[in-house]
Amino acid sequence: MESNEDYPRTALTSTRHKCAACFKQYKKKEHLVAHMKISYHSVHQPQCGVCQKRCKSFASLREHTTGSLAKGSCSKIFAERGCTLCTRIFDSPASLSEHLEICCLPAPFPHDVMKMPWTESQIDINGSGRIPEAIAIDCEMVGGGSDESLDVCARVCLVDEDEKPIFHTYVVPLIPVTNYRNEVTGITEEHLRDAMPLKEVQDKILQILYNGESIGRLRLNGGKARVLVGHSLGHDLNCLRMNYPDHLLRDTAKYPPLMKTNLASHSLKYLTKTYLGYDIQSGVHDPYEDCVSAMRLYKRMRSQDHQTRGMGMLLAAQSTSTNTFDSWKSKELENMTPDELFEISKSNYKCWCLDSGHLS
């Protein structure tokens, strides 16, 4: 299938069909339709503030505006008035400077969370008053097994949306520790002598997350259960021997807009520096710092205002398990304009901006 995003206008000898999202051009309308079916373009994709092109991820958008292949007005304008953190374009360098004071966040203030023992009174179990919509989690792993390669959870921390630590404890390892990985974890044998048994840790975490909701409602639509935020959540939950519904997980390592152009995951360290503007994990890893960074990334993505209207608003609320184009006949699709094709297209992931409406 032939496509050309920057095809010279002088070389065009026939009508070319241009994608309304990524601007790729095709000789035949059927080729554009085939492109739309597999591209999952939507208003939720990162968008260039200059030319309005939509990109698969923020990494792709950065390549478009600041990468080695960046060119033209987009590159020039972004260099003058673009925020390197959130990629927004501003009216003037002065407006950009004011924005950066807010957009570039300070590193989390260190909390000596071990001196603040967790109690049930620190969270709202019964749902009275303000309910934190999301909880961030981070675990520190020590090494187990004869080759020290097995990850064993030895420390866990949870924070709420206000960056308040609501649960933190050392965890009794399930198997003997063969490497404390002290240079990274800061954990010693002494820390684990009075650690909490894993079963008790699991119960405490689930009590926080379930928020009094029934398992049936939790699995159906979440109810008043809390969203769980983290980086590589599958790994943390596996080491905790826990499960939590996929529709309530917000993983900064697996969220498409935050991934590399080849859909590989970035490290939390990279994401924090690139999108929040500060450094983490420069020495011993602090689970509180990692929790806060993951939460800030989630909230920054959630706060994006993606304008949806008409059919787009309806599709935004639908499941991403089916392809929208399957419900249309080929001739109907080929008779649509590029804008109409884009209007009925939808993402193959749930945008976190939809949480702001669902959870408010």
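Me: Which residues of helix α2 are buried?
Reply: Buried means under 20% relative accessible area, exposed means over 50%, and partly exposed is in between (1.4 Å probe, protein chains only). In α2, the ones that pass as buried are Phe58, Ala59, Ser60, Leu61, Arg62, His64 and Thr65. That makes seven of the nine residues in 58-66, so the helix is largely enclosed by the rest of the structure. Bear in mind that this is a predicted model, where local features need pLDDT of at least 70 and side-chain atom pairs count only at pLDDT 80 or more, while totals for chains, interfaces and linings use all residues. Residues are numbered from 1 along each chain as its sequence is written, and side-chain values use heavy atoms, with hydrogens and water left out.

Me: What covers the buried residues of α2?
Reply: Look for contacts, meaning heavy atoms within 4.5 Å. The cover includes α3 (72-81), α9 (268-276) and α10 (287-302).

Me: How many helices and strands does the protein have?
Reply: They are DSSP runs, with helices as H or I over at least four residues and strands as E over at least two, numbered from the N terminus. Here you get 14 helices and eight strands. Of the 360 residues, 46% count as buried. As for contacts between residues at least 6 apart in sequence, 59% of them join residues at least 24 apart.

Me: Where is confidence lowest, and where is it highest?
Reply: Go by pLDDT, the predictor's confidence in each residue, from 0 to 100. The protein averages 87, and 84% of the residues score at least 70. Helix α11 (residues 310-316) has the lowest confidence, with a mean of 44, while strand β7 (residues 227-230) has the highest, at 98. Two stretches also stay under 50: residues 116-122, with 15 contacts beyond four places in sequence, and residues 124-132, with 17 such contacts.

Me: What does UniProt list for residues 17-46?
Reply: UniProt positions follow the numbering used here, feature names are shortened, and annotations may be inferred rather than shown by experiment. From an unreviewed entry, the record gives "domain: C2H2-type" for 17-46. In the model, that stretch is 37% helix and 13% strand, with its end C-alpha atoms 22 Å apart. Phenylalanine 23 sits in the loop between β1 (17-18) and β2 (25-26). Its phi is near 70°, a positive value in a residue other than glycine.

Me: Asparagine 211: buried or exposed?
Reply: Asparagine 211 has a relative accessible area of 0%, so it is buried. You'll find asparagine 211 in the loop between α6 (198-210) and α7 (215-220), and its phi is positive too, near 55°.

Me: Which residues does histidine 99 touch?
Reply: Leaving aside residues up to four places away in sequence, histidine 99 touches Cys83, Cys86, Arg88 and Phe90. Cysteine 83 is 16 residues away along the chain, yet the two C-alpha atoms are separated by 8.1 Å. Histidine 99 lies in helix α4 (residues 93-103) and counts as buried because its relative accessibility is 14%.

Me: How many salt bridges are there?
Reply: Side chains of opposite charge can pair when their charged atoms come close. The rule asks for a side-chain nitrogen of Lys or Arg within 4 Å of a carboxyl oxygen of Asp or Glu, and the count comes to eight. One of them joins glutamate 190 and arginine 193 (2.6 Å, N to O), both exposed. Another joins aspartate 279 and lysine 273 at 3.6 Å. Aspartate 279 is partly exposed at 48%, as is lysine 273 at 41%.

Me: Which residues form a nonpolar patch on the surface?
Reply: Patch residues have over 30% relative accessible area and no salt bridge; like charges are joined within 9 Å, and nonpolar side chains (Val, Leu, Ile, Met, Phe, Trp, Tyr) within 5 Å. Areas come from the Shrake-Rupley method with a 1.4 Å probe; for residues, only the protein chains shown count as cover. Here Leu150, Leu174 and Ile175 form such a patch, with about 250 Å² together. Leucine 174 lies in the loop between β5 (165-170) and β6 (177-179) and is partly exposed, at 49%. The protein as a whole exposes about 18300 Å², with 51% supplied by carbon and sulfur atoms.
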